[in-house]
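Biologist: Please take one part of this model and look at it closely. Then set that part in its chain.

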Amino acid sequence: MHNFDFAKPSTIADAAKALAADGAQALSGGQTLIPTMKQRLAQPTVLVSLTGIKEMQGVCMGDGGLHVGAATPHAVVAKEARAHYPALADLAGGIGDPAVRSRGTIGGSIANNDPAACYPSAVLASGATVVTNKRKIAADDYFQGLFTTALEDGEFVTSVIFPIPQKAAYVKFNQPASRFALTGVFVAKFASGVRVAVTGAGNDGVFRWAEAERALSADFSASALSGLSVDPAGMISDLHGSAAYRANLVKVLTGRAVTAAG
Amino acid sequence: MTKVSMTVNGKAVSGEVEGRTLLSSFLREGLGLTGTHVGCDTSQCGACVVHVDGKPVKSCTVFAADVAGANVKTIEGMANPDGSLSVIQQAFQDHHGLQCGFCTPGMVMSSAALLAENPKPTEAEVRHYLDGNICRCTGYHNIVKAVMAASGQDVSALAAE
């Protein structure tokens, strides 16, 4: 790995200043970024750790729902979100393995927007609001394709606000070697309708399955999906699963998530 | 180079590190604590697991500078003060929870983190918790048995396969 200067500010304002430098890159838990840097796929000249910023830590109920600090590790979300949003706690508790969950954070996950990461599906299905050091971004506007988000240079996620659905569940089909989702589906039922977000399957990253949302908004049961099918065009195809296999998984897992949500 | 200080196995330590110095390198090369093993260096195998402020982490995927000031515990800090093996280490020996032993430091550290959080885990919980620790020798059965035994549970009924 190439060397870099390391900074660890303790406030959002100081982090924003440090990230204004040329070649600066935000570091959260590092569970993706550090392996990426080892492969020299990322070569920042300044690394700005966000893990020392207290105002970006923790889980609490507030305006608009559950506020999760961007630097909150998965293990903490798994524990502290349970009473408020069990499906989100379940998702956080199933990411990677225990040691990864001690370090990895929600902000890091959604800033990276890996097409097989778990968190983007929860953020999109919940219609969450992504709060940055500059503005608030609706989930529907935030995810913009493979490893691409609405974040601009020098902008970083500070928290995510999750509206709490009436019912929700996340079902993940594990890719056992990487522990990422081969495909994962998050279903959230609100008074205003159902939202379905799929990760691990789409070539452009996380996406909403609109047909299923319509069907489930009319009838929230797995059988409501029986007449639907998912087009394999646009699905990821690799040695772990073909596009057709993933398209089928989307439907199967959506049904399982609906059943699990009860 | 910057100076970092932390507590490792109860002792205050410090050393000069680069930004890119991993916690695993700081422990092994900086402090000579070579009990922490680096198996894959890609955060897959878990041989390098240590505790940072009581939580298990893969020390090959944490920068030393990012955990300055933390309380770190490695396999060298697991034995009892008189030098005898801790309950978990003794259980690994008694139940043949290792063959080559390369993964054992990480296995012991992850198991200790599990038992601190969940003192009487079920077999399924042990297997799930050790998901991020890879052993290529044992087939895991005796590792699971050792962790169950270390938690004070009867393992005589646990299958050998």
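Modeller: Strand S3 (residues 49-52) and strand S4 (residues 55-58) of chain B run antiparallel, joined by 4 bridges. Strands count as paired if DSSP finds at least two bridges between them. B:Val49 of this pair has B:Lys58 in S4(B) opposite. The hairpin of S3(B) and S4(B) has 2 residues between the strands, and B:Asp53 takes a positive phi near 50 degrees there. In general, side chains of a regular strand alternate between the two faces of the sheet.

This is a predicted model: local features need pLDDT of at least 70, side-chain atom pairs count only at pLDDT 80 or more, and totals for chains, interfaces and linings use all residues. Residues are numbered from 1 along each chain as its sequence is written, chains are lettered from A and ligands numbered from 1 in the order in which they are written, and side-chain values use heavy atoms, with hydrogens and water left out.

Now the whole chain. Chain B holds 5 helices and 5 strands (DSSP runs numbered from the N terminus: helices are H or I, at least four residues; strands are E, at least two). From the N terminus, the order is β-β-α-β-β-β-α-α-α-α. The C-alpha trace of chain B spans about 55 × 35 × 25 Å along its principal axes. Of its 161 residues, 50% are buried (under 20% relative accessible area, 1.4 Å probe, protein chains only). Take the contacts in chain B with a separation of 6 or more: residues 24 or more positions apart account for 54% of them. Contact means heavy atoms within 4.5 Å.
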